[in-house]
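I opened my notebook today to look up a few things in this model. Here is what I jotted down, entry by entry.

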Amino acid sequence: MTKRNDETSRSLLLLVAGAKGAVASTLAVAVAALQQQPESVLPGLMTADLFPYIGPPQAVHFAGWDKQPGTLLQSITSQGIIPEHLWKLSQTMIEEIPLQPAPSSDLGLAEQVELLQADIQRYKNNFPHALPVFINLLPAGFQTDLYRHVSLERLLAKADPVMCPDIAYLLAAIRCDVPVVNFTPNDLEVPVILDEAEKRGVPISGRDGKTGQTYLKVVLASALKARKLVVDGWYSLNILGNEDGRNLMDPERASGKMANKTEVLEEILGYPVGAKYGGSSHKVHIDYYPPRGDAKEAWDVIDFSGIFGLPMSLRLNLLGRDSVLAAPLVLDLARWMAALKLAGFAGPVPDLGFYFKKPVGENGPVTFQDQMMGLDRLRQACDQRLLGDSAINK
């Protein structure tokens with residue numbers, strides 16, 4: 001996307017790490033489509049009618065980084081997530097998207113942060129009136145204990161950017177006063193990072209975007225809880241054949257995501273599922289199955305009981321499209337973060353728990369009903385700060 005006059009539109013500038021991955025490339029097509037055929041994307045956005053103080057959803061630019069060779073268009077073509085007839089009209093815009101190579105893994109963390117800060121500043125200069133938001137779409141990484149670093153200086157000196165490449169992007173964004181969306185399952189929001197974000201007035205949201213099976217699990221578990229039905233067991237199986245699925249076959253990379261997908265159920269219900277069997281009967285499995293590509297399939301078997309303890313059971317079979325489900329959520333989150341930054345929010349935003357498997361921040365809403373109320377509460381707070389008391393409850 002070329003440099004434009006955004007002075008009046010308050011457009012968004014998405015700064016995406018992992019810009020050629022499946023979710024990011026789908027997001028890039030959606031961004032381009034919003035400007036040329038908005039009717040294909042706008043109805044899928046939850047925030048399309050919110051936040052009058054930022055530009056309309058169509059006013060959005062895409063930029064970022066990736067370590068993969070080849071062009072973004074080549075990634076879109078090879079992944080085959082969006083059929084050619086849907087992106088062909090936007091091909092020129094997609095080809096103009098500015099991308100930078102990821103920092104060399106030979107560099108230390110501090111050097112990578114400096115390099116990325118310079119990139120971010122150049123992007124900001126190219127879109128001087130846009131509202132930048134950093135989007136982390138890197139793959140699931142190895143579990144790295146960043147909590148042991150008690151100061152930012154120690155983190156910069158000791159953390160290994162090869163094991164955790166996300167951290168350089170996160171720090172660079174915060175130091176450039178750019179709000180952060182961590183859509184990955186990677187545990188990055190450690191105290192020294194959150195303290196730095198608070199100090200610089202930067203809001204952070206995350207972790208692990210809630211797109212398909214877990215979203216429906218939250219809805220169903222909340223409904224069963226509200227109806228006072230007792231969940232005795234829940235078996236969840238996912239198959240998907242994209243790079244995310246292949247990546248998650250590594251147990252060290254999958255452990256964070258598996259924990260996020262597992263813990264959410266008992267957090268909602270408020271009791272351990274399967275205690276009467278002497279161990280958890282909440283089972284979650286993910287399998288890489290290449291023929292499905294990005295079109296993942298999920299099965300859930302839910303066993304529950306009512307009065308007298310009499311058993312009942314429910315089956316759920318989701319045939320979804322992983323990146324097609326994720327991309328509009330990322331656009332919505334970018335609009336949220338731009339609004340929150342304008343409204344003066346800083347640090348973790350637990351009221352965005354609707355979007356995440358493991359929301360960062362304390363005392364976030366857990367059930368589906370509470371998460372919807374959390375979004376409304378947060379929207380009202382933004383409106384009040386930016387539009388005044390008269391905006392409440394509109």
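Leaving aside its neighbours within four places in sequence, which residues is Thr 211 in contact with? I found Phe 183, Lys 296, Asp 322, Leu 325, Ala 326 and Leu 329, contact being heavy atoms within 4.5 Å.

I noted that this is a predicted model, where local features need pLDDT of at least 70, side-chain atom pairs count only at pLDDT 80 or more, and totals for chains, interfaces and linings use all residues. Residues are numbered from 1 along each chain as its sequence is written, and side-chain values use heavy atoms, with hydrogens and water left out.

Next I checked confidence: pLDDT (the predictor's confidence in each residue, from 0 to 100) averages 91 over the protein, and 96% of the residues score at least 70. Over residues 1–8 I saw pLDDT stay under 50.

Back to Thr 211: I placed this residue in the loop between β6 (203–206) and α9 (213–226), with helices (H or I, at least four residues) and strands (E, at least two) taken as DSSP runs numbered from the N terminus. Is Thr 211 buried or exposed? I have Thr 211 down as buried, at a relative accessible area of 15%; buried means under 20%, exposed over 50%, partly exposed in between (1.4 Å probe, protein chains only).
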